[in-house]
Amino acid sequence: MAPVSPQNPAPVEDSTPAPEKPKVYSSFSEETVFSLLSAELAGQRNRFDIALDNYVTQAINTQDPGISERAFRIAEYLGADQAALDTALIWAKNAPDDLEAQRAAAIQLARAGRYDDSMVYMEKVLQGKGDTHFDFLALSAADTDQDTRDGLMKSFDRLLQKHPSNGQLVFGKALLLQQDDEPQAALKLLEQNPPEEGEIAPLLLRARLLQSLNRGKEALPLLQKSIKKYPDDKRLRLTYARMLVEQDRMEDAKVEFASLVQQYPDDDELRYSLALVCLEAKAWEEAKGYLEDLIARESHVDSAHLNLGRIAEERDDPQGALIEYAQVGPGNDYLPAQLRQADILMNNGRTDEAEKRLAAARDAEPDYAIQLYLIQAETLSANNQGERAWKILAQALLQYPDDLNLLYTRAMQAEKRNDLAQMEKDLRLIIKRDPDNAMALNALGYTLSDRTTRYAEAKALIEQAHQLNPEDPAVLDSLGWVNYRLGNLDEAERLLRQALERFPDQEVAAHLGEVLWAKGNQREARQIWAKFLKEQPDSPILRSTIKRLTGSETL
């Protein structure tokens, strides 16, 4: 802050000492000026805590717009939410004609969840014809409760009555409608209120809404037209390219992403997206080139090595894949790379080497130890080495006896070994420690309904899981199956149809077919089985179900 010249005191005519007054620097006391100078010096020495504290104190004491703005900027920079809110409100109060101050207060109030108060300040910005952030208010409400969003919607409607053609209000309301799962209403609102010149966000939202309504083919011409109008807008072109991917037009998407990379050669996010599109299009050599470019540029290095490993596997080069996977470091891609290494080695008869690598990985990266144990056990099991899987789980549980994932995996292994007592013991221990563990409740309930006659007990467990996860197809399948065991065929059919619709799986198909068979609808049962056998001709559960009910493995 620039120092201010002191006022010159008037000359004193008599010798009587006047009472002492604080020296005043412009409109500030000496104490305020000293505090602000100290704050500036503290900031220069990276003691931002002192700078913020001094500025907030002086903003409160002086109510000065300049000081409160400076305090707000420091608080915002430091991520000090409460201080940013407090100082923004002081700034807005003492600078009622400053649209930036009103906007700052509105945004901070929205971040604090005070949406009604936020709208009051945003309306001031709107009345002053400033750039509002109604989209921010709508987006920030996405994770709030329904009552809050309903209140915000009423505020939007109230303002739209006063300002019916305000594009930012229209866009904000459309975002709220989208959050409330009303895409049709949001789309209609945007179509009835075309965006003003240069407004891109409403076009992007309209395209996304069309895609969500399975009208993606209408979205593409909309984006193409907008790109012709705004050829340099990166957001439009990127949305268009991604929508081509979503509509499985990989060759067209590849052309678009390649053009974007050419236009923005320093954007490695685009380069990585182009590599992934090439992978989806099975253009292995092109993908390899882009991934190697990323490694050379030291960007997305782990993801690039992971995907180069996948390309090597596609080209039947397991050794090349192992070399790539081994170069993936700790992070999001680490465990998938470890899993692929273990699977390749075990598939090629190198189980001892796979286990040594995983043990070395646990020593090198102890934070991943539990996940690496799980990878080892599950890969061994998948490669028909159940005994080794059982032993590694026992070893893991000695180290981590309270880990629920290890207990659950051992329970599943116990079920495969026909050790139902151990399976139940582990699952009950999980449920005791985590009563809302829907996966354990469902697993125990399904096994009891499938492998024992404890149907009532099984149903109670599955119903608990269903209350926790009512849309989970695995839970719906279990609930349908236990109802079948109890003789409730109509209810079983209803639930299993829901499960199959949500998750077209061979086991669910086998179950639904069996229920239909029991109801005398053998023709539809055969149709369902035939459809899934065509996709998975070696499915053991389908084959065993068909043989048990028809006496033959073929239909």
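Predicted model: local features only at pLDDT ≥ 70, side-chain atom pairs only at ≥ 80, totals over all residues.
User: Which element gives the largest share of the lining of the largest cavity?
Analyst: The residues that line the largest cavity are Q338, Q341, A342, L345, A354, R357 and L358. Two elements, α19 and α20, each give two or more residues to that lining. The largest share, four residues, comes from α19.

User: Which residues have the most contacts inside the largest nonpolar core?
Analyst: In soluble globular proteins, nonpolar side chains tend to be buried together. Here the largest nonpolar core has 73 residues, and another core, of 59 residues, lies apart from it, with A110, L205, Y272 and V277 among its members. Inside the largest core, the residues with the most contacts are L406, L427, L444, L500 and I528.

User: Which residues does L444 touch, not counting residues up to four places away in sequence?
Analyst: L444 is one of the residues with the most contacts inside the largest nonpolar core. Leaving aside residues up to four places away in sequence, the residues that L444 touches are M423, E424, L427, R428, I431 and L461.

User: How many residues apart in sequence are the parts that the pair of F72 and W91 ties together?
Analyst: F72 and W91 form a tilted aromatic pair, 5.8 Å centre to centre with 40° between the planes. F72 is buried, with a relative accessible area of 2%, and W91 likewise counts as buried, at 1% relative accessibility. Because F72 lies in helix α3 (residues 65–78) and W91 in helix α4 (residues 81–94), the parts tied together are apart in sequence by 19 residues.

User: How far from the centre of the ring of Y373 does the charged end of R362 sit?
Analyst: The charged end of K234 sits over the ring of Y264, 4.6 Å from the ring centre. The charged end of R362 sits over the ring of Y373, and its distance from the centre of that ring is 3.9 Å.

Methods
Residues numbered from 1 in each chain as written. Heavy atoms only, no water. Core = buried A, V, L, I, M, F, W, Y, C linked by side-chain atoms within 4.5 Å. Buried < 20%, exposed > 50% of the residue type's maximum accessible area, 1.4 Å probe, protein only. Contact = heavy atoms within 4.5 Å. Phe/Tyr/Trp six-rings, centres within 6.5 Å; stacked < 30°, edge-to-face > 60°. Lys NZ or Arg CZ within 6 Å of the ring centre and 35° of its normal. 1 Å grid on protein atoms, 1.4 Å probe; cavity = no way out; pocket = protein on both sides within 12 Å on 5 of 7 lines; lining within 4 Å.
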